[in-house]
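Here is a short report on one protein model. It covers aromatic rings, a sheet and the nonpolar cores.

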Amino acid sequence: MSEQTQLITLSRAARLIGVIRSELQKKIQQGDLQAFDGMVNIDDLLLAYPKAQLEDDVEYRRVSQIKEKAFGKRIFERAMQDVDTLATRVTELSKELAISKIQVHHFRHLMDRLRDRLQGISMRADGDAKKVADDLIGWLGDEARAALQPDYPNPLAVRDNVLRVMAAHVTVLPSGHDFFVEGSDTMLEGALRSGVPLNYGCSGGNCGLCKAKIVSGQVKKTRFHDYPLSEAEKIQGYVLLCSNTAVTDVEVEASVAGGVQDIPFQEISAKVKTITILNDEIVLLLLQTPRSKRLRFLSGQYVTLKLGKSFTAELPIASCPCDESTILFHVRRRPGNLFSDYLFERLKTGEAVEIEGPEGEFILQKNITRPLYFFAFDMGFAPIKSLMKHAMSLEHEQEINLYWVGSTESGIYLPNMPRAWADALDNFHYTKVIAGHDLSHLTQLREDALLAMLKGIVNEHPEIADGDLYIAGPESASRVTEQFFLGLGLPKTRVFLTYKSL
């Protein structure tokens with residue numbers, strides 16, 4: 001491979017083309033695109049996507065839309081970098097250009113010296129030796145002129161330079177996670193948006209849990225923090241990820257949550273942001289945590305909510321850790337339940353809600369290497385939605401399959417959401433199933449009907465046996481489904497279950 005070859009990460013390549021990373025991984029597996037230690041050649045990328053043109057650049061379109069739309073000042077500032085950050089990124093590109101020019105100058109000087117040496121050999125030689133030297137001089141001149149010819153640049157290379165100005169690429173060591181930092185985001189915010197569970201506590205610069213070491217690249221402090229860094233730590237390159245943004249592409253040594261044992265128990269006072277009534281039985285409750293104290297959790301976990309003075313309920317989180325500082329819950333009406341009655345009849349926007357947790361081990365497993373199959377029974381869609389959004393944010397190549405089984409048609413209470421995902425994502429597949437009876441109370445007849453439904457799914461899709469299964473919903477339906485798949489020979493390490501508060 002030539003020294004002039006430009007290699008970029010799969011994440012950056014996916015953004016340049018406007019596809020998800022899994023599509024590039026498939027092309028690599030099929031032999032349509034070469035990879036070198038997880039990197040791809042930008043020229044090979046253009047050959048694989050010949051229709052990619054500079055005028056179609058997603059970053060240019062993004063900036064244009066921001067300018068054209070009547071966004072408020074806060075939205076504009078969220079999407080755009082400050083002047084100093086932009087100036088620094090442009091300066092870094094200018095330095096690379098200057099270095100390239102110096103290298104070209106040295107290349108020309110080397111070629112001149114080599115040509116002089118060959119001409120000297122030609123003058124002293126005769127016969128075949130002279131002919132070989134003259135042919136070599138001619139070939140060398142042709143190749144040098146071709147190499148220095150100002151051809152039209154690879155549009156993806158130009159686009160990559162635009163991307164490097166608009167967003168910085170961060171690689172986390174030693175885990176290998178990577179993500180982009182856009183606009184006024186801190187590195188912590190950029191990581192969480194991308195589903196990377198970096199270690200942090202308050203997210204407001206007070207606790208120091210997000211302290212990390214910058215290995216390469218340039219960062220900038222964007223927010224004041226109370227946590228004191230020692231002079232020795234500053235010299236070694238330590239910063240708080242919640243208070244710094246990436247100015248250039250960055251490598252950082254930081255710890256990543258490996259499981260529930262890495263998530264601390266928390267007590268947070270949140271505010272009701274919105275209450276959306278879907279129907280007489282189901283409400284979407286969206287809470288806003290303080291900017292300085294967001295809830296740290298893993299997708300699929302649950303928390304305890306406290307309303308009023310003493311009304312409590314354990315509820316699975318329906319949002320993803322990538323959803324900034326908002327937390328979503330799907331709540332079903334339970335007549336006679338004090339928490340439910342208060343929420344449906346008295347709770348107001350802006351009211352305080354106490355959060356305790358998180359708890360639970362129903363989480364997305366690390367190192368996804370198999371297709372994912374999600375079985376949601378009625379309200380089991382809440383934790384399943386959290387897991388799926390996390391999986392989508394990671395952009396794995398594996399297929400994501402959702403089977404949402406409703407007791408009745410109203411049990412599929414967000415029908416448009418999975419359909420929209422199926423339309424937008426090539427690797428997402430959705431199947432709706434209506435049981436026609438109450439899934440929370442299974443008689444023998446109803447259990448037999450559920451087993452028949454599961455057998456039909458497996459007969460149509462035997463590849464399910466090669467995947468990882470996540471099951472959520474009422475205990476009776478979830479237990480039957482778990483035992484069915486374990487009975488097919490799937491190990492417990494690939495069948496995950498929750499029926500908490502469902």
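Phe381, Trp404, Tyr413, Trp421 and Phe428 form one aromatic cluster. The model is a predicted one. Its aromatic pairs number 12. Two of the pairs are set out below.

| Aromatic pair | Centre to centre | Angle between planes | Geometry |
|---|---|---|---|
| Phe362 and Tyr470 | 6.0 Å | 75° | edge-to-face |
| Phe484 and Phe485 | 5.1 Å | 80° | edge-to-face |

Where do Phe362 and Tyr470 lie? Phe362 is in the loop between β15 (352-359) and β16 (372-377), and Tyr470 is in strand β19 (residues 468-472), so their pair ties together parts that are 108 residues apart in sequence. Phe362 is buried, and Tyr470 is buried too. Phe484 and Phe485 are likewise both buried.

Next comes the sheet. An open sheet is built from 5 strands, in the order β18-β17-β16-β19-β20. The pairing is parallel. Which strands form the edges? They are β18 (428-434) and β20 (495-498), each of which pairs on one side only. From one strand to the next, the twist averages 15°.

At the β20 end, β19 and β20 pair in the parallel sense over 4 bridges. Ile471 has Leu497, in β20, as its bridge partner. Helix α13 (residues 416-424) packs on the sheet. There, helix α13 touches β17 (400-406) and β18. The direction of α13 makes about 150° with that of β18.

Now the nonpolar cores. In soluble globular proteins, nonpolar side chains tend to be buried together. The largest nonpolar core here has 33 residues. Which of them touch the most other members? They are Phe374, Met388 and Leu402. At least two residues of this core come from each of β11 (282-288), β16, α12 (381-394), β17, β18 and β19. Helix α12 gives the most, with 8 residues.

Phe374 deserves a look of its own. Leaving aside residues up to four places away in sequence, Phe374 touches Leu364, Ile384, Leu387, Met388, Ile400, Asn401, Leu402, Tyr403 and Tyr470. Tyr470 is also the aromatic partner of Phe362.

A second core is separate and has 24 residues. Among them are Ile268, Val303, Leu305 and Val353.

Definitions and conventions. Residues numbered from 1 in each chain as written. Predicted model: local features only at pLDDT ≥ 70, side-chain atom pairs only at ≥ 80, totals over all residues. Heavy atoms only, no water. Phe/Tyr/Trp six-rings, centres within 6.5 Å; stacked < 30°, edge-to-face > 60°. Buried < 20%, exposed > 50% of the residue type's maximum accessible area, 1.4 Å probe, protein only. Pairing = 2+ DSSP bridges. Axes fitted to C-alpha atoms, helices over the stretch in contact; angles between N-to-C directions. Contact = heavy atoms within 4.5 Å. Core = buried A, V, L, I, M, F, W, Y, C linked by side-chain atoms within 4.5 Å.
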